[in-house]
Amino acid sequence: MSIAASSPRRSTIFIPTLNKQCWGFMIGSALFAVSAAPGFGNWAGASAVNLCCFIGAWFFTAAGLIQLILSGPVTTRVDYGNGVMVRADWLAASTQSLGTVLFNVSTTAALTAHSVVSQRDFVWSPDAGGSIAFLLSGFLAVRGYRHANRLFDPSSRSWWSVMINLVGCIAFGVAAVGAYISQAGVTADATLANSGTFIGAICFFLASFVVLPAWDRSTSGESA
């Protein structure tokens, strides 16, 4: 009597997938949206707002890393110049991933900025850097999509994702302008900062929501 050897169970938790990327951005975006929602700061307090952003930034970073891994090779062959060009999709993913890391820095500093005065100046710079990286990644994503598809294609969920993502990147850039902290430790325009963050977070949520793999499975099931 022979006993078949059972294959060891392999954990899939660390395998990067589009589904994990989407949910990472969606959860992170939801936390940022809650933190910037009208009235939430007055009700929950600054510590709760900063904690939401801190946790949300980690989901952003994880999703950004997955996106970078899934973006494919760094370069592609072309028939001009030296024959090799860095892919726009990879550039978009890498700059967005950098932006999420910078948001980690700013949200971590914000947790102690209210009690450590020297941290106040350290909050805005990486936050602005992250917003600039997001903005650059948004335009690169549009360029990458235009290279492989039609620039205007509202019938495609991927097109909607790219365009909504660009609006979100612009909104985060506006938020960074409003969040500028003066030498006196005062935010330049708190309303603009919160509005930009809220709109940007909603856009990032929708940009990932529309390309969830579940939609493809649902469509396949209906057509089967």
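Colleague: What makes W159 count as buried or exposed in this predicted model?

Modeller: Its relative accessibility is 8%. Buried means under 20%, so W159 counts as buried.

Colleague: And why is F152 called exposed?

Modeller: F152 has 60% relative accessibility. The exposed label needs over 50%, so F152 counts as exposed.

Colleague: Which ring pairs does the model hold, and how many?

Modeller: A search of the whole structure gives 17 aromatic pairs. One of them is F32 with F172.

Colleague: Why is the F32 and F172 pair called edge-to-face?

Modeller: Two steps. The ring centres are 6.3 Å apart, and a pair needs centres within 6.5 Å. The planes stand at 90 degrees; over 60 counts as edge-to-face, so that label applies to F32 and F172.

Colleague: What makes F152 and W159 an edge-to-face pair?

Modeller: Their centres lie 5.4 Å apart, within the 6.5 Å limit. The planes are 80 degrees apart, and over 60 counts as edge-to-face.

Colleague: Which residues do ring pairs link into a cluster?

Modeller: The cluster is made of F25, F32, F60, F103, F134, F172 and F204.

How values were computed
Residues numbered from 1 in each chain as written. Predicted model: local features only at pLDDT ≥ 70, side-chain atom pairs only at ≥ 80, totals over all residues. Heavy atoms only, no water. Phe/Tyr/Trp six-rings, centres within 6.5 Å; stacked < 30°, edge-to-face > 60°. Buried < 20%, exposed > 50% of the residue type's maximum accessible area, 1.4 Å probe, protein only.
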